[in-house]
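Reader: Could we go through this protein together? I would like to begin with its helices and sheet and then turn to the backbone.

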Amino acid sequence: MSRAGGTWVGARVPRTEDARLLTGRAQFVEDVEPPGALHVAFVRSDLPAGWLRVLDVARARAHPGVAAVFTAAELGPLCRPGTVLVPPPPLEGLVFNARTALPLVRDRVRHQGEALAMIVAESRYVAEDAAALVDADIEPRDAVVDLEGALEADAPRVHDDLPSNLAAHVRQTKGDYAAARGRADLVLGRRFHYDRGIGGAIENRAVVADWDARADRLQVWDTTQAPIPVRNVVAAALGLSESQMRVIAPFVGGGFGPKIMFYAEEILVPWASLRLGRPVKWVEDRYENFFATTQERGQLHDSEIAVTREGRILGVRDTFVHDSGAYDPYGLTIPINTQCTLLGPYRVPNYESEFRVVFTNKPIVTPVRGAGRQHGVFVMERLLDLAARELGLDPVEIRRRNVLGPEELPHNHEIMYQDFAPLRYDSGSYEAALDEAARIVGYETFPRERERLQADGRAVGVGVVNYVEGTGVGPYEGARVTVEPSGTVRLATGVGTQGQGHFTSFAQIVADAVGVAPSDVRVVTGDTSEFHWGTGTFASRGAVVAGNAIHAAAQAVREKILRHAGEALEVDAEDLELADGAARVKGAPEVSVQLGVLALAANPLRGTVKPGTEPGLEATSYFGPPCGTTANGTHAIVVAVDPETAMVEILRYIVVHDCGTVINPTIVEGQIHGGVAMGIGNAFYEELVFDEFGGTSNASFMDYLLPTATDVPPIETAHIETPSPLNPLGTKGVGEGGAIPVAAAFAQAVEDALADIAPGLEILDIPLSPGRLFELLRGLSEGRSRRSGGES
């Protein structure tokens, strides 16, 4: 039953989509099997760098069951570089060299896994067999692998038309860091390295295309986070109008950022369907995913903090190199996120930040959950930890002395963010979140707890870190809300869903407005025939941008319901309330009219139509934020470290977060839990290993470690709600906050655990695998032994 007064937003409504997911009735792209479909396998380069001298596909074409083999030569005008999906903001002094890939390699291979040829056959088995018959003669070239080495004058070039491997150069400043440095009591600098990983979604990418020549219409199913942009790009590339294309993003088994990218396969598969006149299907295998799907970023930072003896920040300087891989189709979103997120929830009056983006012969880097924010948080939080150690301050106390207070918000950080606007914090609860996390983890009494936990011989430590996350960026999203004659309410929006609980949260927003239960709201997402305009699901923006568009459309429908009900019941609209699927008189609920009856009456088939009449109980609205909102939070962690094996067990994990108005606490907590799990993998398990030639040597889940259920502890959460003033719902994003500060908390806690065993231990690299931690501990031990021997 719905509740009068509108209280579904904020309620723990069970996820309405789970029944389909748990019973196998949810459709994924792999489930789509058009009759007569052909299947695709791609021939991909084993070498990361080289010249394609010969590509002999004759034996593959002659293989029984092969319908076609396509190379760059057959693509014609389709074989052109893609567009930059996200151009960089207009920064002063910006250098940006845009380079994007061809759909199939024509002559130059720039990373392992680049597609050389496309095999289309009667089955995937036949296509794979034929792919093995293709003879690719690639003349190897020296590969660019090392980040710093990429910028050396004699380094081989990834793109010969450029004078170097520099993809971009950006410098942003505020205040006068040099002057601040000169008056500081402590200036501390370190080098930090944060390495690559993959998104690792449970469902790899997939595309099915079906060209219907009679209907003159192309239907595409795609595991994308951006169905509407995919429709627009593919239609333009194939010479179709957008109305001739329908793109469906059904249930998607994890997006995490890489599926917001636009890939060559998303054009090639539909193109093949048009060319061959049959449905065509491609599903990426796990090995392909390690090369053909975009990855997390590698960065190398040289950073410095200037503080007073009381630990107050006077300024920060950060210079870093960012690995873009072989191309840069997503502009500078990731390094700008790093540059801005480094400032955290702190007063930083003076800031110098400079980054260089380099091309390497590695797979392409685009946003993966956190999208570069992890790196900025890691650098700042580690600098604060090290400064606290030097000054003899408590790690929580140095943070408390520097966080912005409520009276200082909104706060302008005076540098440009990825949304083309100055970085402004709209609202937040920084000290409250810090204090709450410290309280929950028992920070004040932890020394006593440490003694109890260390009874088994392991060393135990605690870590507490902060973060601010830019969320809810534009440009816009839209929604249409319709009350149908059955009384069911229908919501359509252009964003796709990849597990975020959109079907439930979005229904709650509508239910509050029109007086029904969320289960009475039928939600459609990610289908371009249902809603035509929008951008996509990324950057923690669903609840902010789509949510507020839905809110606006639902409120407009509410006004229509009240107007029609007032006329039907002959009362003023102000005297009505909406509840239980009806409009009823306040104080006399027996005097009512059902929404379905009103919907039917709102579409008269006969009679006089008044000027300005709009048929139906329906409204479409759009929302475009002026700039992004800023969510924030504090993570606390307790770890136990085995000094002999360097294995780390997480005993407790606490997240106190502020995402503004919480639509559904259970779904928010689920988002946080998933983010923390990814963050744990990012911090301690996951690392792509590249050889000196740029090849990946651990491209399987037998060698690339993902955290499992036994590695992720129960996660304790607490909600703080500081509504955003930038949108009517007051919402902020939450999809990435769980992942962003984990590495910083992990490093602080491990150092704390080993403070007595390994004094002087500094964790400056992520991921911190057990092997890497073992090396650090051994290095400290050997260093002490050498010093001891010298003194004797």
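Author: What follows is a conversation about a predicted model.

Reader: Which strands make up the open sheet, and in what order?

Author: The open sheet has 4 strands in the order β22-β21-β20-β26, and the pairing is mixed. Its edge strands are β22 (521-525) and β26 (617-623), each of which pairs on one side only. On average, neighbouring strands of this sheet are turned by 15° against each other, direction ignored.

Reader: And in what sense do β21 and β22 pair, parallel or antiparallel?

Author: Strand β21 (residues 489-493) pairs with β22 in the parallel sense, over 5 bridges. Within these strands, Val489 stands opposite Val521 of β22.

Reader: Which strands does α14 touch?

Author: Helix α14 packs on the sheet and touches β20, β21 and β22. The direction of α14 makes about 135° with that of β22.

Reader: What about α15, which strands does that one lie across?

Author: Helix α15 lies across β20, β21 and β26, and runs at about 150° to β26.

Reader: How are α14 and α15 placed, roughly parallel or roughly antiparallel?

Author: The axes of α14 (residues 502-514) and α15 (residues 542-569) come within 8 Å and cross at roughly 25°. Angles under 35 degrees count as roughly parallel, so α14 is roughly parallel to α15. Their crossing is right-handed.

Reader: Which residues make that contact?

Author: On the α14 side, the contact is made by Phe506, Ile509, Val510, Asp512, Ala513 and Val514. On the α15 side, the residues include Gly542, Ala546, Ile550, His551, Arg558 and Ile561. By class, the contact of α14 with α15 has 10 nonpolar, 4 polar and 2 charged residues.

Reader: Who is involved on each side?

Author: Helix α9 contributes Asn337, Thr338 and Thr341, while α10 contributes Arg373, His375, Gly376 and Val377. By class, the contact of α9 with α10 has 1 nonpolar, 5 polar and 1 charged residues.

Reader: Then what is the phi of Ala371?

Author: Ala371 has a positive phi of about 50°, although it is not a glycine. Ala371 is found in the loop between β16 (351-359) and α10.

Reader: Is Ala371 buried or exposed?

Author: Ala371 counts as buried because its relative accessibility is 4%, and buried means under 20%.

Reader: And what is the story with Phe420?

Author: Phe420 is not a glycine either, yet its phi is positive at about 70°. Phe420 is found in the loop between β17 and β18 (422-425). With 43% relative accessibility, Phe420 counts as partly exposed.

Methods: Residues are numbered from 1 along each chain as its sequence is written. This is a predicted model: local features need pLDDT of at least 70, side-chain atom pairs count only at pLDDT 80 or more; totals for chains, interfaces and linings use all residues. Side-chain values use heavy atoms; hydrogens and water are left out. Contact means heavy atoms within 4.5 Å. Helices (H or I, at least four residues) and strands (E, at least two) are DSSP runs, numbered from the N terminus. Ala, Val, Leu, Ile, Met, Phe, Trp, Tyr, Cys and Pro count as nonpolar, Asp, Glu, Lys and Arg as charged, and the others, Gly among them, as polar. Buried means under 20% relative accessible area, exposed over 50%, partly exposed in between (1.4 Å probe, protein chains only). Axes are lines fitted to C-alpha atoms, for helices over the stretch in contact, and angles run from 0 to 180 degrees between N-to-C directions. Angles under 35 degrees count as roughly parallel, over 145 as roughly antiparallel, 65 to 115 as roughly perpendicular and the rest as oblique. A crossing is left-handed if the near helix is turned anticlockwise from the far one by less than a right angle, and right-handed if clockwise. Two strands pair if DSSP finds at least two bridges between them.
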